[in-house]
Amino acid sequence: MQKRILSGMRPTGKLHLGNFHGALSNWVALQDRGDYDCFYFVADWHALTSDYASTENIKANTVDMVIDWLAAGLDPDRSTLFIQSSVMEHAELFLLLSMITPLSWLERNPTYKEIKEELSQKDLSTFGFLGYPVLQAADIIMYKASGVPVGVDQLPHVELTREIARRFNFLYREIFPIPEPLLTEVPKLLGTDGRKMSKSYENAIFMSDQGDELKKKVAAMFTDPQRQRKSDPGRPELCNVYTLHEIYSTPEVVAEIAPACRSAAIGCIECKKRLAAAIAEGMKPVHERREHYLASPQEVRAIMEDGNVRAGRIARETMAEVREAMKINHEL
Ligand code: TRP
Ligand code: SF4
C-alpha cells in the first residue's frame, strides 16, 4: 500500500503567495512525486475554535480556498480533497481521544499559550480551543498517515499527535502508525509593508492578483529602507522585492539585478515593474486554472463531494477498528 500523506488548512479564504510558496506548493510536490496517497482537507471545525462567534464566512472561505488549491495544481484524480465537517467520524475519534489525553499535555502546548495571548481580544478560554490538538490528532491518525507536511508552527501539534497515537496503541491495540512531520524549507515571504505576509495585516499579494491590482501591490512594496533615492546603492539581500525575483525571475535576471541594485544602476520602480511582469508570467497557469474553476462551481462542488466520499470510506474503516479495540461496539 502507498504511504499516506495528510494535511489540512483552516478555511481562511483566498490564499496569498506566502501560503502558496509555503504549504501549498509542497502539497502539490508531494502529490506529483506519485509515491504517496495524498489527503488534503479543509479544517472548518478548527476554524470554530477561535472564530466560534463569527461563522458567517466559513462556507465561502472554504470554496475560495479549495479553488486556490485546484489552481495551484492539486489534482482531484490524484489527491483526495475533502472537508473535515463532512466526515463526521472525525468528531467521534476526537471524542474518544479526548478521553485518553492528559490535560497537562494540552496545557503545556506552546502554540496554545502563544495564540491565546496573540488573540487576547477573543475569549479563548474554551474547551474546544484547549482541545484543538486533539482534534488535529484525530484528523491525522484517522487516515493512518505516515507523513504530515506542515510548517514549523505546527510541530508541537504533530508531536502531541504522536504521543496520543502511542498512548492509544499502548492502552488498546496497535492500530495507528506514528506520523512524521514533513518539514520543507520555504522562502520567508514578507508582505508589502515588510511584516510577515498575512491576510489580517492587509499586506498580502494573493495568488489571484493579476493585472493592475498586482502591479499596484508590487509598486507599493517595502524595499531596502536605506535606499531613499535612486542614486543610493541598495542591498538586495535585505529587500523583499529581490526575494520574490529569486522565485519568479530567470536566474539571468536575478544575477543581473543584484549588482545593478548594489551599484544603483537600476531603480526600485524599474525593478518592481520587472517583478510584477515576472509574477504575472509565472502565475499564468495558476490563473488559468483558477478562471476555469471559478466559472464552474458545480465542478468544484462535485470534487469536494467525491473527496468527502473517499475520505469517509477510510474513516469508517478506521472507526470500526477503533470501536472494536476500545470495546465500545455494541452491534448485535
Ligand atoms: N492546525 C492546522 C493549521 O492551523 C490545520 C490542521 C488541522 C492540520 N488539522 C490538521 C494540519 C491535520 C495538518 C494535519 O494550519
Ligand atoms: Fe529592492 Fe530592487 Fe530596489 Fe534593489 S532595486 S532595493 S532589489 S526593489
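## Val218 and helix H10

Val218 is buried, with a relative accessible area of 0% (buried means under 20% relative accessible area, exposed over 50%, and partly exposed in between, with a 1.4 Å probe and protein chains only). Val218 sits in helix H10 (helices are DSSP runs of H or I with at least four residues, strands are runs of E with at least two, and both are numbered from the N terminus). The C-alpha atom of Val218 is 7.2 Å from that of Thr192, although the two residues are 26 residues apart along the chain. The model is predicted: local features need pLDDT of at least 70 and side-chain atom pairs count only at pLDDT 80 or more, while totals for chains, interfaces and linings use all residues. Residues are numbered from 1 along each chain as its sequence is written, chains are lettered from A and ligands numbered from 1 in the order in which they are written, and side-chain values use heavy atoms, leaving out hydrogens and water.

Helix H10 covers residues 211–219, and its buried residues are Leu214, Lys217 and Val218. They cover an arc of only 95° around the axis, so they lie on the same side of H10 (the arc is that of the directions from the helix axis to the C-beta atoms). An α-helix has 3.6 residues a turn, so residues three or four places apart point the same way. The exposed residues Asp212, Lys215 and Lys216 are on the face of H10 turned away from its buried side.

## Salt bridges

The whole structure holds 22 salt bridges (a salt bridge is a side-chain nitrogen of Lys or Arg within 4 Å of a carboxyl oxygen of Asp or Glu). One of them joins the side chains of Lys217 and Glu213, at 3.9 Å from N to O. These two residues are four residues apart in helix H10, so about one helical turn separates them. Lys217 counts as buried, at 17% relative accessibility, whereas Glu213 is partly exposed at 36%.

Other salt bridges join separate elements. Glu180 and Arg162 meet through their side chains at 3.8 Å, N to O. Glu180 is in strand S5 (residues 180–182) and Arg162 is in helix H9, so this pair ties together parts that are 18 residues apart in sequence. Glu180 is partly exposed at 43% relative accessibility, and Arg162 is buried at 14%. In the salt bridge between Glu237 and Arg262, the closest N and O atoms are 3.2 Å apart. That pair links distant parts of the chain, 25 residues apart: Glu237 is in the loop between H10 and helix H11 (240–248), and Arg262 is in helix H12 (residues 251–262). Glu237 counts as exposed at 51% relative accessibility, while Arg262 is partly exposed at 45%. Asp32, Asp75 and Arg78 are joined into one network by salt bridges that share partners.

## Aromatic pairs

There are eight aromatic pairs in the structure (rings of Phe, Tyr and Trp, the last by its six-membered ring, pair if their centres lie within 6.5 Å; planes under 30 degrees apart count as stacked, over 60 as edge-to-face and the rest as tilted). One of the pairs is Trp27 with Trp69: the ring centres are 5.1 Å apart and the planes are at 75°, so the pair is edge-to-face. Trp27 lies in helix H1 (residues 17–33) and Trp69 in helix H3 (residues 58–72), so the pair ties together parts that are 42 residues apart in sequence. Trp27 is buried at 1% relative accessible area, and Trp69 is buried at 0%.

Phe168 and Phe176 also form an edge-to-face pair, with 5.0 Å from centre to centre and 70° between the planes. Phe168 is buried at 1% relative accessibility, and Phe176 is buried at 2%. Elsewhere, ring pairs link Phe39, Phe41, Phe82 and Tyr143 into a cluster.

## Charges over rings

Lys14 lies over the face of Phe206, 4.7 Å from the ring centre (a charge sits over a ring if NZ of Lys or CZ of Arg is within 6 Å of the ring centre and within 35 degrees of the ring normal). Arg195 lies over the face of Tyr201, at 4.0 Å from the ring centre.

## A nonpolar surface patch

Phe170, Leu171 and Tyr172 make a nonpolar surface patch of about 320 Å² (patches are made of residues with over 30% relative accessible area and no salt bridge, with like charges joined within 9 Å and nonpolar side chains, namely Val, Leu, Ile, Met, Phe, Trp and Tyr, within 5 Å). Accessible areas come from the Shrake-Rupley method with a 1.4 Å probe, and for residues only the protein chains shown count as cover. Phe170 is in helix H9 (residues 155–171) and is exposed, with a relative accessible area of 69%.
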